[in-house]
Amino acid sequence: EPFMQVAALVEAEETRAKLKARTQIQLEGANGNTPVVFDHSLDEAPSGVSFAPICRNLLGFLQFTPGGLVKVLRDSDKAGPLSNTAAVIPTGANLSETLLLALHPFDARRPDDLPSWERVAPTIAMLRADPIHASGPNDRYTRLVRAVLLVPEAEAGQVRHIRFAAGLALGDDPNAPDPMACYRINKDGKAIRISYNEGRSIWRDLPSLVPDPSKSRDIPAAVLGRAAYLCASLGEGDAPVKILTAGLASDQAKLLRWRAERIELPKALLTQPDAAEFLRIQVRFAEEIHSRLRSFSTSLIAQTMPEPNHKDTKARAKAIQANGPATAVFFSAAERALPKLMQQIAAGEIEAADRDWKTALAGAAKQSWTATRRSLGDSPAVLRADARTWPRFCSLLKTLTPPIRETRPTTAPEEVTA
């Protein structure tokens, strides 16, 4: 049986004579009606690649492929295990350390949790069957969620085409959270996976990456707890845990964005519940400040328009604010103070951490307000709107800094990249 492939496709009537371009399993490549900026591959004339890159494409595709139409053996199929997930990977100094940090413990109670290459070769009947839950992490992360069979070129040792069909569908099990995913509990008590949303940086979801003993609001990835325990067992209690988050976001079968971000967490934030809770409070406090700032900025924009209290005007102002620079400026400025905040919390300097973080948020709010204000120009309507909304903005600053007389910020906000 070929590695991570389904040999039965060469005999099945639906796939025996039907080939697809190898870019079908290349998520970053152009195929079908999925265009991408930096790839102009044609399904009718795919270029050939050697076995190493096509196998890497296959492994990534099986993990991150979104659910949607397949139309071979079944009309549609379930997504891969890490679809729409900011997958969490603790990383070491080299590949060996990374694999050990991410290694899940063996569960003797689940002898049926076998990787795909130790299971019975999939048949066409199995591919047509209903989705089933993963028997464990070995099954989850090697599940053939799509049936693929490489078609090598006889003379060149390359692959241009593949056979492709629906796979062994992975069922959703709410009682078995993904070990590499972090979750946020919504108001209805449902666990929502942390994913990548537009320009939102992953540090804003730090509350879901650190331990929450009550599990009432957040469920961190299980792999993080095991990595922290392993480091502590090896006498590396003071070394930070380096974390890579990577993933792909999609809307049904449409790919929206893929991203990778790195965070270094002091060990105390993964092993000490009180430290983790204080970090959670501070990050969520930043979100609260941004929410109030966004409301004031929206009001400022609406005041520059006719009928500022009309619901349509408010809707237009809200859209302008959302597409403007304010949010990016605020969180980019706040992010620069985040490493210091985490170090102070890990060292037990709680009062200093609270004071310095609020000061940083005040500076971020000033930069954000200035960015919004300057984007509107200096017309008489803008000047009047500024005069009406400025006191409300000052009241926000007073919650972050000692009561001093505020002056209007005049320095231009630092340039922010998307």
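**Entry 1: ground rules.** I take helices (H or I, at least four residues) and strands (E, at least two) as DSSP runs, numbered from the N terminus. The model is predicted, so I keep to the cut-offs: local features need pLDDT of at least 70, side-chain atom pairs count only at pLDDT 80 or more, and totals for chains, interfaces and linings use all residues. Residues are numbered from 1 along each chain as its sequence is written, and side-chain values use heavy atoms, with hydrogens and water left out.

**Entry 2: the largest pocket.** I looked up its volume, which is about 1,200 Å³. For the record, the search runs on a 1 Å grid over the protein atoms alone. A pocket is an open set of points with protein on both sides within 12 Å along at least five of seven lines, whereas in a cavity a 1.4 Å probe fits but cannot get out. Lining residues have an atom within 4 Å of a point. Points are joined across faces, edges and corners, and the volume is the space filled by probe spheres set on them.

Which element gives the largest share of the lining? It is α1, with eight residues. I listed the elements that supply at least two lining residues each: α1 (51-64), β4 (87-91), α2 (95-101), α4 (137-142), α5 (222-233), β10 (241-251) and β11 (254-265). By class, I find 26 nonpolar, nine polar and four charged residues in the lining. Here Ala, Val, Leu, Ile, Met, Phe, Trp, Tyr, Cys and Pro count as nonpolar, Asp, Glu, Lys and Arg as charged, and the others, Gly among them, as polar.

**Entry 3: the sheet with β4.** I traced an open sheet of three strands in the order β4-β10-β11, paired antiparallel. Strands β4 and β11 are its edges, each pairing on one side only. From one strand to the next, the twist averages 15°. Axes for such angles are lines fitted to C-alpha atoms, for helices over the stretch in contact, and angles run from 0 to 180 degrees between N-to-C directions. Two strands pair if DSSP finds at least two bridges between them. Five bridges join β4 to β10. I find Ala87 opposite Ala246 in β10. Is β4 mostly covered or mostly open? Four of its five residues are buried. Buried means under 20% relative accessible area, exposed over 50%, partly exposed in between (1.4 Å probe, protein chains only).

**Entry 4: the sheet with β6.** Another open sheet of three strands runs β1-β6-β5, with antiparallel pairing. Its edge strands are β1 and β5 (146-152). I count on seven bridges between β5 and β6 (residues 159-166). Arg146 stands opposite Ala166 in β6.

**Entry 5: aromatic pairs.** I find seven in the structure. Rings of Phe, Tyr and Trp (its six-membered ring) pair if their centres lie within 6.5 Å; planes under 30 degrees apart are stacked, over 60 edge-to-face, the rest tilted. Phe3 and Trp117 have ring centres 5.5 Å apart and planes at 35°, so I log the pair as tilted. Phe3 sits in the segment before β1 (20-21) and Trp117 in the loop between α2 and α3 (124-128), so the pair ties together parts 114 residues apart in sequence. Phe3 is partly exposed at 46% relative accessible area.

Trp390 and Phe393 also form a tilted pair, at 5.6 Å centre to centre and 45° between planes. Both lie in helix α12 (residues 380-398), three residues apart, about one turn of the helix. Trp390 is buried at 11%, and Phe393 is buried at 0%. I also noted one aromatic cluster formed by Trp203, Phe330, Phe331 and Trp357.

**Entry 6: positive phi.** Most residues other than glycine have a negative phi. Asn84 has phi near 50°. I place Asn84 in the loop between β3 (74-77) and β4. Asn84 is partly exposed at 27% relative accessibility. Glu307 has a phi near 50°, again a positive value in a residue other than glycine. I place Glu307 in the loop between α7 (273-303) and α8 (311-322). Is Glu307 buried or exposed? Glu307 is exposed, at 58% relative accessible area.
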